[in-house]
Amino acid sequence: MQFANYRLNILSPLHIGCRRAGMVAKTYHYVPGHVITFALIAAIGNQKAKSYDDYSNIQREVLSKTRFGAAFFQRSNGENLTDDKDLTYDEQVEKELVYGDHHVTLSQDTRAAIDGAMFEVEAIYPKKDVYIVGGVWFDSEEIFGRNIKDWLNEIKIGGELKTGYGRVSLNNFDTKSKFYPGINNNNNKVDEIGLVIAKNEVLKGATLDNEATPNCVVKNVPLEPFLGRRYDANRGFGRALSSAVLVRMNGIVSADNLHFLPCNNEIGLGCWELVK
């Protein structure tokens, strides 16, 4: 497979929904790979699909021919988001980029607020010189008649799109890159097999915990369920939960010369898994 890293401009707030905490809809501090994948499927479907079967075919094609890994928020020169070197990546994002907006659900009958339906939505807000950076493995640069980078210039990311969230544009798409951006200050390497992280370094993002990628490979962090909010035909966007998988977040790699790729199965999509 071929590899490219990419950089996206953030044009509006982004809500990368992960869970509810009381009245607060929380956001991830990074962009899971499945979010980019489904954003690409939606962009292609909006132009190419005329039926549900068309969308299904587009999804199968994208899943079989691309593997998008996790994407992260980073300055253009690869430096940390803050000058405080003691803060973790999550703490930097929380301090510099995460804000909250208040929303209310309206009754379709009265167009008035539904009692108890006010809630807060966390979002990543645009900031000068901060971009989304990530990587993708693919069979061919062309998919559905256009280059992948052209499709990436048209995607919308995350939830709350109806309120203007999720707008991005392509800043760079580098097919000659030999590193995965946003991980260990870009101190890693990639090849056609996958991403290689040095022993005792952190593999940022979610890594599947299964027979292929056991705890002895990515260690020192607890298991947790990983799932997202999806479209429900009766209740709308963000109202259905995807099937959960067990992952380890930001785990320590236990050996040298291990290769990881984003999973391309629908359950666990975009999570790292050991391939060699």
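Biologist: Which strand do three bridges join to β20, and in what sense do the two run?

Modeller: In this predicted model, β20 is joined by three bridges to strand β21 (residues 272–274), and the two run antiparallel. Strands are DSSP runs of E with at least two residues, numbered from the N terminus, and two strands pair if DSSP finds at least two bridges between them. Proline 262 has tryptophan 272 of β21 as its bridge partner. Strand β13 (residues 195–197) also pairs with β20 in the antiparallel sense, over three bridges; there, isoleucine 197 is partnered by leucine 258 of β20.

Biologist: Which way do the side chains of β20 point, and are they buried or exposed?

Modeller: In a regular strand the side chains alternate between the two faces of the sheet. Leu258, Phe260 and Pro262 point one way from β20, His259 and Leu261 the other way, and all are buried. Buried means under 20% relative accessible area, exposed over 50%, and partly exposed in between (1.4 Å probe, protein chains only).

Biologist: How many disulfides does a search of the whole structure find?

Modeller: A disulfide is a covalent bond between the sulfur atoms of two cysteines; the criterion is a sulfur pair within 2.5 Å. The search finds zero, because the sulfur of cysteine 263 lies 7.0 Å from the closest cysteine sulfur, in cysteine 271, too far for a bond. Cysteine 263 is buried at 3% relative accessible area, and cysteine 271 is buried at 1%.

Biologist: Where is confidence lowest?

Modeller: Where pLDDT is low, the predicted coordinates should not be read in detail. On this scale of predictor's confidence in each residue, from 0 to 100, the lowest mean is 54, in strand β18 (residues 236–241). Local features need pLDDT of at least 70, side-chain atom pairs count only at 80 or more, and totals for chains, interfaces and linings use all residues. Residues are numbered from 1 along each chain as its sequence is written, and side-chain values use heavy atoms, leaving out hydrogens and water.

Note on methods. Helix = DSSP H or I, 4+ residues; strand = E, 2+ residues; numbered from the N terminus.
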